[in-house]
Amino acid sequence: MDLGIFYTRLGVIILVVALGFLLGRKKILNDKVNLVFVNLLLSVLMPASLFSAFPQEFDYAVFGNFINGLIAGAVVLSAVIIISRILFNKKFMKDDFRWSAQFAFIFNNATFIGYPLISSTFGTDGLMAFCGFIIIFNIALFSYGIWLFERKLNWKLALKTITNPNILAVLLGSVVFILSLPVPEFLTAAVGSVAGATAPLSLICVGFMLSQANLKKIFKKRKLFITAAAQLTLGPLITFGVLTAIGMTGVERTVVVVLQALPTATSLALFARRYGGDDKTASELVAISTIISVITLPIVVTLLF
């Protein structure tokens, strides 16, 4: 991996997040507008980005990146789920925060930060690995991620997981890619145009969420630091070790390790609010993880690659 390109892209991401933070502090953005942006990203812009990531003509090498991304996602998420249950157990954390801690350790910000970083740094090969990974990620997020708060599953949840727009977009894109189905140029251009808004808008949303946190109080909460530190260091190290152990050493390994080195998913706060968790503490954990990742992400990438 070209570290020069990586750091340049990371610098751009930090600046756009800072813009979102400033817009939030100046009250130019508010909760209602941000919620509209988040819904737009998850239901339209991100699916458009994932669909447009697939080339028009089938290529065995590119398809291999996609399959390896699927495999890496399944292996890594299985590993971090098991380890999260060991690290954040009743003895270590006696209150319900352990469920949020497990969520934070497992699920990274692959959507709002991961996509802009991977798409701008690794090109088509990296994006295809990302597409494979994101299928497993979303399946786990909307099943096990919800279970962490409700501790129960039902058929409605399973149906919602399968019909998630992001999963449908990847499946449709893979069918078009594998069969080399012709897509009208005007349609491709339209989808690509919509997809172009994904990266900046997602980063602005992250910045806004940070602007709403009480940073003075957050830095006094030890358990948030412990959880964030474990997620940002152990997560990528475990990922690197597991993927190396199964013989995966190409761009797919790099992409998934970088994803696991990202801060915890902003959906933690959304899930906590919707499914009965402590959304205030969850939001604080997202904020502290995002702030610390500015330091840990470059260190992890430099050490491992």
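**A walk along a helical chain**

With a relative accessibility of 66%, lysine 27 counts as exposed; in this description, exposed means over 50% relative accessible area, buried means under 20%, and partly exposed lies in between (1.4 Å probe, protein chains only). The model is a predicted one, in which local features need pLDDT of at least 70 and side-chain atom pairs count only at pLDDT 80 or more, while totals for chains, interfaces and linings use all residues. Residues are numbered from 1 along each chain as its sequence is written, and side-chain values use heavy atoms, with hydrogens and water left out.

Lysine 27 belongs to the loop between α1 (3-25) and α2 (31-52). Helices here are DSSP runs (H or I, at least four residues; strands would be E, at least two), numbered from the N terminus. The backbone of lysine 27 has a positive phi of about 65 degrees, although the residue is not a glycine. A second residue other than glycine with a positive phi is serine 180, where the value is near 50 degrees. Serine 180 is placed in the loop between α8 (165-179) and α9 (185-195). Because its relative accessibility is 35%, serine 180 counts as partly exposed.

Glutamine 56, in the loop between α2 and α3, has its C-alpha atom 6.2 Å from that of serine 180, although 124 residues separate the two along the chain. Glutamine 56 has a relative accessible area of 37% and is therefore partly exposed. Leucine 181 is also located in the loop between α8 and α9. The C-alpha atom of leucine 181 lies 8.0 Å from that of glutamate 57, again across 124 residues of sequence. With a relative accessible area of 35%, leucine 181 is partly exposed.

The next topic is the packing of helices. Two packed helices are described by the angle between their axes and by the distance between those axes. Each axis is a line fitted to C-alpha atoms, for helices over the stretch in contact, and the angle, from 0 to 180 degrees, is taken between N-to-C directions. Helix α3 (residues 60-87) packs with helix α4 (residues 97-106) at about 150 degrees, and their axes are 9 Å apart. The two are therefore roughly antiparallel to each other, given that angles over 145 degrees count as roughly antiparallel, under 35 as roughly parallel, 65 to 115 as roughly perpendicular and the rest as oblique. The crossing of α3 and α4 is right-handed; this term applies if the near helix is turned clockwise from the far one by less than a right angle, and left-handed applies if it is turned anticlockwise.

Helix α5 (residues 110-141) packs with α8 at an angle of about 140 degrees, with 9 Å between the axes. This makes α5 and α8 oblique to each other, and their crossing is left-handed. Serine 267 is part of helix α14 (residues 267-274). Because the relative accessibility of serine 267 is 13%, this residue counts as buried.

Which helix packs with α12 at an angle of about 40 degrees? The partner of α12 (residues 222-245) is α15, and the axes of the pair are 8 Å apart. The two helices are therefore oblique to each other, and α12 passes α15 in a right-handed crossing.

The C-alpha atom of threonine 296 is 8.9 Å from that of leucine 262, which is 34 residues away along the chain. Leucine 303, also in helix α15, counts as exposed at 71% relative accessibility.
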